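User: I'd like to learn how to read a structure with two chains. Can you walk me through one?

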Protein chains: 2
Amino acid sequence: MPTTQIEPLQLECANCPIRHRAVCARCEADELDRLEEMKFYRSFEAGQTIAWTGDRMDFVASIVTGIATLSQTLEDGRTQMVGLLLPSDFMGRPGRETAAYDVTATTDVVMCCFRRKPFETMMAKTPHIAQRLLEMTLDELDAAREWMLLLGRKNAREKIASLLAIVARRDAALKMMQAGGSLEFDLPLTREAMGDYLGLTLETVSRQMSALKRDGVIVLATKRHITVPDFDRLLEETGDDTDGGLLF
Amino acid sequence: MPTTQIEPLQLECANCPIRHRAVCARCEADELDRLEEMKFYRSFEAGQTIAWTGDRMDFVASIVTGIATLSQTLEDGRTQMVGLLLPSDFMGRPGRETAAYDVTATTDVVMCCFRRKPFETMMAKTPHIAQRLLEMTLDELDAAREWMLLLGRKNAREKIASLLAIVARRDAALKMMQAGGSLEFDLPLTREAMGDYLGLTLETVSRQMSALKRDGVIVLATKRHITVPDFDRLLEETGDDTDGGLLF
DNA sequence: CTGTATCCTTGACCGAGATCAAGAAAGAAC
DNA sequence: GTTCTTTCTTGATCTCGGTCAAGGATACAG
């Protein structure tokens with residue numbers, strides 16, 4: 001698997017699709033100008049590894065388009081996904097030289113990159129960047145903790161329902177639809193990837209998907225295309241507190 | 001359980017035991033003076049609830065002494081601990097009005113508190129605080145992700161060994177001992193709390209503790225006082241990559 | 001069309017950990 | 001001391017999800 005990088009057309013920050021959500025969201029015009037000079041784009045194909053745990057990382061980046069995953073592995077190969085990088089999410093840690101996780105492109109991915117050292121220097125001088133990064137990191141921490149509850153205490157059916165609810169909600173937000181009604185979306189993950197995320201085997205994922213389908217909670221047009229006839233019904237299956245604040 | 005608060009003697013920041021590790025670690029003398037004016041101390045007894053999920057929080061705080069836990073609960077009462085607050089750790093989120101987790105004092109706890117609004121104002125003007133908070137939050141995120149791997153993919157024995165290794169290492173660091181040799185320490189958690197942390201029942205925790213004892217990995221003087229004759233042996237039981245970077 | 005690869009489903013069986021239950025150990029209150 | 005409570009241990013049994021195995025669906029190459 002060669003590290004093919006298709007260089008995409010240079011994009012102006014002003015027209016950037018993640019301009020208002022990424023680490024640069026709070027930047028003023030002059031700050032943006034400086035970032036504009038520093039940035040460069042890199043692309044990765046679906047399935048490609050962006051970084052291995054322990055790799056030296058000389059850049060940090062924002063996801064512009066596509067989805068990447070963060071995962072960790074035990075000695076004997078058991079792996080657990082520990083994070084999902086969506087457009088506008090930030091990859092890398094200022095001050096850290098090496099990757100702490102395996103980062104893999106799930107779909108084709110375009111990233112807006114900055115060499116680490118210059119970025120760190122700029123961050124020290126630009127509170128707007130550090131402020132936004134703090135906010136994003138706190139959100140990720142909340143999401144990680146929500147995931148800990150799922151991994152530690154939910155059963156297989158609840159785990160699947162939770163994942164579907166999250167993907168459905170994100171998709172609905174993207175399409176600006178109203179809540180409560182019928183939803184449909186494509187799952188960007190294989191059964192195995194779902195299992196790695198949920199701490200399950202792919203067989204259990206498959207069985208629970210079939211069970212939710214049999215019980216009418218979801219309808220499958222194809223293996224990957226899902227319709228949720230009643231979102232509230234799906235939410236009931238997650239086991240969450242019904243009033244709960246939703247963090248994803 | 002009344003909310004008893006024993007007001008401890010006012011402590012000067014200069015003599016504060018967490019001065020060099022807390023959110024104020026990077027502050028200059030003048031910044032510290034301003035924090036000194038704003039701060040107030042609160043104490044909680046072991047077992048007391050510091051905040052319930054959804055409670056309005058009008059302060060943020062650093063743990064000065066003691067241990068507190070963050071936990072989340074499903075509808076039917078299943079609970080999962082999602083974080084451990086140790087001395088110097090920060091509680092609360094700037095910009096958030098309500099508690100996102102149940103916070104409970106495991107031991108007697110003393111906290112150094114700041115009213116939220118003035119603290120937010122100060123943070124906006126004092127990059128040193130925001131920088132340090134970002135650093136601490138990134139560390140917590142790493143710890144949370146390490147925990148996700150444990151919850152999703154480790155078996156009961158590995159989970160227990162991992163928890164013991166973490167507590168042992170922290171204790172050794174505190175006592176400035178050299179690694180590799182024999183260690184002993186007190187477990188600050190009940191079997192039930194360990195279970196809540198590890199996503200296990202208290203019975204399973206008890207059984208695995210007995211098993212590790214039977215196999216000579218640990219020696220129990222009392223239920224809570226643990227001796228680790230060979231730390232490397234304990235590490236082997238965690239299932240982690242042996243070279244692994246350790247985040248706690 | 002056929003062969004091959006990837007992804008998914010389903011069945012049979014098994015075992016790790018949960019659940020239910022009883023009682024031991026250790027304090028704390030009196 | 002005795003009683004009461006909390007914490008912990010251990011046993012018996014059950015069940016959910018893992019493991020092993022076979023085969024179906026879909027896509028793509030030739």
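User: How many residues of chain B are in contact with chain A?

Analyst: This is a predicted model, where local features need pLDDT of at least 70 and side-chain atom pairs count only at pLDDT 80 or more, while totals for chains, interfaces and linings use all residues. Residues are numbered from 1 along each chain as its sequence is written, and chains are lettered from A and ligands numbered from 1 in the order in which they are written. Two residues are in contact if their C-beta atoms, placed from the backbone, lie within 7 Å. Here, 32 residues of chain B touch 32 residues of chain A.

User: Which element gives the largest share of chain B's side?

Analyst: That's helix 3 of chain B, with 18 residues. Helices are DSSP runs of H or I, at least four residues, and strands are runs of E, at least two, numbered from the N terminus.

User: At what angle do helix 3 of chain A and helix 3 of chain B pack?

Analyst: Axes are lines fitted to C-alpha atoms, for helices over the stretch in contact, and angles run from 0 to 180 degrees between N-to-C directions. These two helices pack at about 25°, with axes 9 Å apart. That makes helix 3 of chain A roughly parallel (under 35 degrees) to helix 3 of chain B.

User: Which residues of helix 2 of chain B are buried?

Analyst: Buried means 20 or more other C-beta atoms within 10 Å of a residue's own, and exposed means 12 or fewer, with C-beta atoms placed from the backbone. In helix 2 of chain B, Arg116(B), Phe119(B) and Met123(B) are buried. On the other side of that helix, Lys117(B) and Lys125(B) are exposed.

Conventions
Angles under 35 degrees count as roughly parallel, over 145 as roughly antiparallel, 65 to 115 as roughly perpendicular and the rest as oblique.
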